[in-house]
Amino acid sequence: GLHTNRSFRFGMPKAEIVAAVAQMRSWETKTETSGQCGHRPMEFVRFATLTLNIQNGLFVGWSLDGPRSAQPIEEEYELGIGTPRAEIEPLNGETVIRTTALGVEFDSDGIHGLLSSNAPDATVTRLWAGTNCHAR
């Protein structure tokens, strides 16, 4: 899993996290910087659908967009792009699903995401954890 894997812990230096992900995923990376994320600029290192968020040279968050790839990325509870809503709600008693400016959003023990709709058969379309930059 990405969030709790000891190889991918928040606070590790940018070079370490980028090298660790590059070793697992041979995708091209693209780096962008935004000055619009709160008080400090945030750097985004993209590996196709996975984005690592870097602030002050440290790994502070990640996000994952669709579509689901041939080698899907999932966190420790097998939560990933395309996971059915019915599999999210029983993950733990702390899952909250609500409609926000972003869409139908959920929070499951620190893993956040968006669902395709508010319907019972909705699926996960986006995931994130840690420090992210969302316009709400």
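This is a short tour of one predicted model, stop by stop. Residues are numbered from 1 along each chain as its sequence is written. Local features need pLDDT of at least 70 and side-chain atom pairs count only at pLDDT 80 or more, while totals for chains, interfaces and linings use all residues; side-chain values use heavy atoms, with hydrogens and water left out.

**The sheet**

Start with the strands in cartoon view. Eight of them form an open, antiparallel sheet, in the order β1-β2-β3-β4-β8-β7-β6-β5. Strands here are DSSP runs of E of at least two residues, and helices are runs of H or I of at least four, both numbered from the N terminus. Two strands pair if DSSP finds at least two bridges between them.

Select 29-34 and 96-100 next. These are β1 and β5, the edge strands; each has a single partner, so one side of each lacks a neighbour in the sheet. On average, neighbouring strands of this sheet are turned by 20° against each other, direction ignored; the axes are lines fitted to C-alpha atoms, for helices over the stretch in contact, and angles run from 0 to 180 degrees between N-to-C directions.

Move to 103-108 and 111-115. These strands, β6 and β7, pair in the antiparallel sense over five bridges. Select Phe106 and look across to β7: its bridge partner there is Gly113.

Phe10 lies in the segment before α1 (14-24) and Phe59 in β4 (residues 58-65), so the pair ties together parts 49 residues apart in sequence. Phe59 is buried at 1% relative accessible area, whereas Phe10 is partly exposed at 34% (buried is under 20%, exposed over 50%, partly exposed in between, with a 1.4 Å probe and protein chains only).

**The salt bridges**

The whole structure holds three salt bridges, each a side-chain nitrogen of Lys or Arg within 4 Å of a carboxyl oxygen of Asp or Glu.

- Glu16 and Arg9: the closest N and O atoms are 3.9 Å apart.
- Glu43 and Lys14: the closest N and O atoms are 2.5 Å apart. Glu43 is in β2 (residues 42-47) and Lys14 in helix α1, so parts 29 residues apart in sequence are tied together.
- Arg126 and Asp65: 2.6 Å, N to O. Arg126 is in β8 (residues 124-130) and Asp65 in β4, 61 residues apart.
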